[in-house]
Amino acid sequence: VPYLTDAHRACAQRLAHWMRSDCGFDEVEIDAVGNVVGVYHGSDRGAGNAKRLLTGSHYDTVRNGGKYDGRLGIFVPMACVRELHRAGRRLPFGLEVVGFAEEEGQRYKAVFLGSGALTGHFDPAWLEQKDADGISMRQAMEHAGLCIADIPKLQRDPAKYLGFVEVHIEQGPVLNELDLPLGIVTSINGNARFLGEIVGMASHAGTTPMDRRRDAACAVAELALFVETRAGAVPDLVATMGMLEVPNGSINVVPGRCKFSLDIRATTNEVRDACIADVRAELARICEQRSLHFKLEETVRAAAAPSDPAWMRRWECAVQALGLPLFHMPSGAGHDAMKLHERMPQAMLFQRGLNAGISHNPLESITNHDTELCVRAFQNLLDNLATETP
Ligand code: GLV
Ligand code: MN
Ligand code: MN
C-alpha cells in the first residue's frame with residue numbers, strides 16, 4: 001500500500017467509512033495529503049473549548065509487508081470511540097484519530113508526509129520528487145483529487161492539544177521472548193537515510209583484466225561490509241543497505257554504476273552521526289583507492305525522540321490497571337510520534353508481535369487477546385485522563 005496507489009486510496013476510503021458508520025465519529029475527512037482524520041467531540045460537543053488528545057498511526061505499508069504495522073494504531077482508538085459512542089459517552093476532551101497517509105518512504109524519497117503536514121514540515125519542493133515510474137508527487141496528489149493548496153492549513157496548533165499517543169506493534173522480538181503483551185516506549189531511535197551511487201567504468205567482462213577494472217558494484221559491496229562491521233561494533237546502533245542496484249547491468253559487463261540506499265539508526269543522535277561520518281569517510285576512501293566517483297544524498301534525518309515522562313506515566317497506569325507487569329523499552333523502528341514529538345509531548349505503547357516479532361514481512365502477526373488488552377489499556381488511558389481534565 002504505497003502512498004496514493006489504488007490500494008492506498010481504497011484503504012483511506014475504507015477507514016473513513018468505518019470511522020463514520022461503524023464507530024460514530026462526529027467528523028471524518030480525508031485531508032489534503034490523504035490523512036484520514038476522525039474527530040470524536042468532547043463534552044463541549046465541538047464548541048471549540050475542549051482540548052483534544054491526538055492519536056493515530058500510518059496506513060501505508062512497505063512492499064510485501066505485514067497487516068498490522070501502522071494500522072493497529074488506527075484501529076485501537078477507533079475501537080475505543082466505537083465503545084464510547086455505543087455507551088453515549090463523551091469525555092471532557094476531544095479525541096482526534098489520524099490514519100497517517102505516509103510514513104514508510106516507499107514511493108518517494110520524502111517520509112512522514114502525513115504527520116509532517118500536521119507539524120508544518122511538508123516541504124513544497126517534495127512535490128517535484130518522482131517515483132520509480134517517473135510520476136511526480138504533485139501528479140499523484142492531483143490524480144487522487146487532493147487539494148495541494150490546502151496542505152499548509154493542516155498544521156496543528158499545539159496549544160489546542162493535550163498531547164500525542166501512538167499504539168504500534170513492537171516489530172521486534174523483545175516482548176514475545178519475555179511473554180509480555182504490552183510494553184511502554186521510552187524513546188524512539190534517531191534515523192538518517194541516504195541514496196547513493198558509485199560510478200566506475202562499464203567494460204567487457206571477458207577481456208578486462210582483474211587489475212584494470214573500475215567495478216562500481218564491488219565498491220558498494222566493500223562499503224556494505226564496512227557498514228555491517230561498523231554498526232555491529234556498537235550497542236543500539238543499526239545500519240542497513242536495503243537497496244542495491246546495477247542499473248542496466250548485464251551478465252557479461254563489469255558494473256559501471258551501482259546504486260545503493262543507506263539507513264542508519266541509534267538511540268542517540270550522536271551515536272548515529274558518528275557512524276554517518278565514518279561511513280562517509282570509508283566511502284571516499286574506497287572510491288579513491290578504486291578510482292571511482294560517488295554521490296551520496298541525505299534524504300531523511302529524524303531526531304531521536306524521548307517519550308514525555310508524564311505521558312509514559314499515563315501509559316504505566318493504564319497497563320498496570322490491567323494487572324500486567326510494566327516493561328519499558330526503546331523503539332528501534334521509526335514512527336509518526338517522532339514527527340509529532342517536534343510539536344507536542346508524546347509517548348507510545350507497544351503490543352507484542354508473534355513469530356519472533358517479525359515485521360516488514362507478511363509473517364507479521366498478533367493475537368486478538370493481546371489486541372483486546374491493548375484496547376483496554378487505551379480505554380484506561382482515556383478514563384484516567386478524563387478524571388485529570390477539568
Ligand atoms: C518504519 O517502518 C521505519 O522504521 O522504517
Ligand atoms: Mn513500517
Ligand atoms: Mn510503522
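Buried denotes under 20% relative accessible area, exposed over 50%, and partly exposed the range in between, with a 1.4 Å probe and protein chains only. By this criterion Asp 69, with a relative accessible area of 4%, is buried.

The structure is a predicted model, in which local features need pLDDT of at least 70 and side-chain atom pairs count only at pLDDT 80 or more, while totals for chains, interfaces and linings use all residues. Residues are numbered from 1 along each chain as its sequence is written, chains are lettered from A and ligands numbered from 1 in the order in which they are written, and side-chain values use heavy atoms, with hydrogens and water left out.

**Manganese sites**

Donors are N, O and S atoms within 2.8 Å of the metal (3.2 Å for Na, K and Ca); water is not among the atoms, so sites may look incomplete. The two sites are listed below.

| Ion | Donors | Distances | Sequence spacing |
|---|---|---|---|
| Manganese ion (ligand 2) | Asp 69 (OD), Glu 104 (OE), Glu 104 (OE), His 360 (NE2) | 2.1 to 2.7 Å | D-x34-E-x255-H |
| Manganese ion (ligand 3) | His 58 (NE2), Asp 69 (OD), His 168 (NE2) | 2.0 to 2.3 Å | H-x10-D-x98-H |

The manganese ion (ligand 2) and the manganese ion (ligand 3) lie 3.5 Å apart, and Asp 69 coordinates both. Asp 69 belongs to the loop between β3 and α2, and His 360 to the loop between β16 (346–351) and α10; this pair links parts of the chain 291 residues apart. Helices (H or I, at least four residues) and strands (E, at least two) are DSSP runs, numbered from the N terminus.

His 58 is buried at 0% relative accessibility, and His 168 is buried with a relative accessible area of 1%. His 360, by contrast, counts as partly exposed at 42% relative accessibility.

**Helix packing**

Axes are lines fitted to C-alpha atoms, for helices over the stretch in contact, and angles run from 0 to 180 degrees between N-to-C directions. Helix α2 (residues 72–86) and helix α10 (residues 368–388) have axes that come within 9 Å and cross at roughly 60°. The two helices α2 and α10 are therefore oblique to each other, given that angles under 35 degrees count as roughly parallel, over 145 as roughly antiparallel, 65 to 115 as roughly perpendicular and the rest as oblique. Contact (heavy atoms within 4.5 Å) involves residues including Val 76 and Cys 80 of α2 and Cys 374 and Phe 378 of α10.

For helix α6 (residues 216–232) and helix α7 (residues 269–290), the axes come within 10 Å and cross at roughly 150°. That angle makes α6 roughly antiparallel to α7. Among the contact residues are Leu 223 and Phe 226 of α6, together with Val 279 and Ile 286 of α7.

**Surroundings of Phe 112**

Phe 112 is located in the loop between β4 (94–100) and α3 (113–118), and its relative accessible area of 8% makes Phe 112 buried. Not counting residues up to four places away in sequence, Phe 112 touches residues including Glu 102, Ala 302, His 335 and Met 338. The C-alpha atoms of Phe 112 and His 335 are separated by 8.5 Å, although the two residues are 223 residues apart along the chain.
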